[in-house]
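Please study the sequence and the structure, then work through each solution in order.

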Amino acid sequence: MPLKLEEVQKLIAAAQKKSAEIGIKVTVAVVDEAGNLQGLLRMDGAPPMSPQVAEAKAYGCAWTGRDGEALAQVYKDRPGFFAVIKELARTPLVPGLGSALIKRGDSILGAVGVSGGKPEQDLDCCQAGLAAL
């Protein structure tokens, strides 16, 4: 079962609070377990393309059941996988730091993607959002 609206808002607020603490402007995207967008919020001053990148990070994470770092390893080890997925997915998959699975126990509820900072900063914001849940 995906997150409730209040949980999505709480996650996004915590991720954006972390971004403000470290001095960056980001977009945060939350998707359900199928990769459907549940929430997207771009901070004033966040890069113009960050909404698309944040959603693509979250989508790839949810769709494959892997966090961004693990997905980047698959991209490196199996580029043919991404060639096929490109044809199947409605949204591009962006591998790399800045996305994380949202879980309750062993169940995947969805994923969060952050874009706007350096990869490590985006990941810090993801983790802050998840910690708020």
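**Exercise 1.** Determine how helix H3 (residues 68-77) and H4 pack, and which residues meet.

Solution. The axes of H3 and H4 lie 5 Å apart, at an angle of about 105 degrees. Axes here are lines fitted to C-alpha atoms, for helices over the stretch in contact, with angles from 0 to 180 degrees between N-to-C directions. The two helices, H3 and H4, are therefore roughly perpendicular to each other (65 to 115 degrees; under 35 is roughly parallel, over 145 roughly antiparallel, and the rest oblique). In the next step, Leu71, Val74, Tyr75, Lys76 and Asp77 of H3 are found to meet Pro79, Phe81 and Phe82 of H4, where contact means heavy atoms within 4.5 Å. Sorted by class, this contact of H3 with H4 has 6 nonpolar, no polar and 2 charged residues. Ala, Val, Leu, Ile, Met, Phe, Trp, Tyr, Cys and Pro count as nonpolar, Asp, Glu, Lys and Arg as charged, and the others, Gly among them, as polar.

The model is predicted: local features need pLDDT of at least 70 and side-chain atom pairs pLDDT 80 or more, whereas totals for chains, interfaces and linings use all residues. Residues are numbered from 1 along each chain as its sequence is written, and side-chain values use heavy atoms, leaving out hydrogens and water.

**Exercise 2.** Is Ile85 buried or exposed?

Solution. Ile85 belongs to helix H4 (residues 79-88); helices (H or I, at least four residues) and strands (E, at least two) are DSSP runs, numbered from the N terminus. Its relative accessible area is 9%, so Ile85 is buried (under 20%; exposed is over 50%, partly exposed in between, with a 1.4 Å probe and protein chains only). Not counting residues up to four places away in sequence, Ile85 touches Trp63 and Leu93.

**Exercise 3.** Which residues touch the most other members of the largest nonpolar core?

Solution. A nonpolar core is a set of buried Ala, Val, Leu, Ile, Met, Phe, Trp, Tyr and Cys residues joined through side-chain atoms within 4.5 Å. The largest one has 18 residues, of which Leu3, Leu11, Val28, Val30, Ile102, Val112 and Val114 touch the most other members. Two or more residues each come from H1, strand E1 (27-32), strand E3 (99-104), strand E4 (107-115) and H5. H1 contributes the most, with 4 residues.
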